[in-house]
Amino acid sequence: MRPRPQRSNNRQAPGDRFSRGPRVRAGLLMSRQMDFGGLGDVETLMTDEGLTLAPMTADGKPVERPGPQHSSVTVLPTAGVQDIAAGGLAAIVAPGNGEVRSPESVSGFDKLVNTAHAADVPVLAFGESVSRALQAAGYDAPANPSPAALIHKGVRMLETVDEVRDALRAVSGVSPQTHAA
């Protein structure tokens, strides 16, 4: 008889990114290729700063994303406009996607941003979504937008990872709904 493998006692330290402090739920607009405006691994930064990311899409349809070694992963949206209206999201995160958007997707994007803006829910936009989100919220988009923008009680253009981190910390404090990790 073979001996049973021993379990490792290597548990994650209490100070790791998933166990500290309260978490807030933010809707992440998914697409096949997400662009964070050249600011690096913003998804990890978001989770490090206390956001729990709920996948959402502008058209409510699942997204098939490329996976490792020529595979793909289908991501089902778990949040939508109804979550914004019900106070279930602390923010909307809209990365650029570099794809040609269908009229249905553009309309859905505008509706999500308008609903968030009207409900005083912050919108963090990245890459090419900065201009679209600004226009959807009723602001003029600059000719050369920043890599990111925070739309909440005005507009704050974000140029660096540190500015994005500060915006994420502000979003975490705005949360209508806080969860324990």
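Predicted model: local features only at pLDDT ≥ 70, side-chain atom pairs only at ≥ 80, totals over all residues.
**Pocket lining**

I started with what lines the largest pocket, and I sorted those residues into eight nonpolar, four polar and six charged. That lining has 18 residues in it. The pocket's volume comes out at about 300 Å³.

Which residues lie nearest the centre of the largest pocket? I found M30, S31, N97, E99 and S105 there. Among the elements, β3 (63–66) and α3 (103–118) each give at least two residues to the lining.

**R65, on β3**

Next I picked a residue from strand β3, R65. Leaving out residues up to four places away in sequence, I see R65 touching M30, S31, R32, M34, S71, S72, V73 and V75. Two of these names, M30 and S31, I had already written down for the centre of the pocket. I also checked R65 against R32: they sit 33 residues apart in sequence, yet their C-alpha atoms are 4.7 Å apart in space.

**Helix α3**

Does the span of α3 agree or disagree with its 16 residues? At 1.5 Å a residue I should get 22 Å, and the end C-alpha atoms are 22 Å apart, so the two agree.

I then listed the buried residues of this helix: S105, G108, F109, D110, L112, V113 and A116. S105 is also one of the residues nearest the pocket centre. What covers the buried residues of α3? The cover includes β1, β2 (51–56), α2 (81–85), β5, β6 and α4 (129–136).

With 57% relative accessibility, Q82 counts as exposed, because the cut-off for that is over 50%.

**Two positive phi values**

Just after α3 I came to D120, with a positive phi of about 60°. D120 is not a glycine, and I flagged it for that. Its place is the loop between α3 and β6. Is D120 buried, partly exposed or exposed? I get a relative accessible area of 37%, so D120 is partly exposed.

K153 went on the list too, as a residue other than glycine with a positive phi, near 55°. I located K153 in the loop between β7 and β8 (155–158). Its relative accessible area is 68%, so I wrote K153 down as exposed.

**The nonpolar cores**

Then I turned to the inside. The largest nonpolar core has 25 residues, and F36, M46, V93, L124, F126 and V164 touch the most other members. Which elements each supply at least two residues of this core? I noted β1 (23–29), α1 (42–48), β5 (91–94), β6 (123–126), β7 (148–151) and α5 (161–174). Of these, α5 gives the most, with four residues. There is another core apart from this one, made of 22 residues, including I84, V123, V130 and A133. As a general reminder to myself, nonpolar side chains in soluble globular proteins tend to be buried together.

F36 and V93 are themselves among the members that touch the most others.

F126 sits in strand β6. Beyond its neighbours within four places in sequence, I find F126 in contact with D35, F36, G37, L39, V42, V93, A94, P95, G96, P147, A148 and V164. With V164, the C-alpha to C-alpha distance is 10.0 Å, for a sequence gap of 38 residues.

**The whole chain**

Last, I stepped back. I count five helices and nine strands in the protein. Reading along the sequence, I wrote the pattern as β-α-β-β-β-α-β-α-β-α-β-β-α-β. What part of the 181 residues counts as buried? The figure I have is 42%. I also looked at contacts with a separation of 6 or more, and 66% of them come from residues 24 or more positions apart.

Conventions. Residues numbered from 1 in each chain as written. Heavy atoms only, no water. 1 Å grid on protein atoms, 1.4 Å probe; cavity = no way out; pocket = protein on both sides within 12 Å on 5 of 7 lines; lining within 4 Å. Points joined across faces, edges and corners; volume = space filled by probe spheres on them. Nonpolar A, V, L, I, M, F, W, Y, C, P; charged D, E, K, R; others polar. Core = buried A, V, L, I, M, F, W, Y, C linked by side-chain atoms within 4.5 Å. Buried < 20%, exposed > 50% of the residue type's maximum accessible area, 1.4 Å probe, protein only. Expected span 1.5 Å × (residues − 1). Contact = heavy atoms within 4.5 Å.
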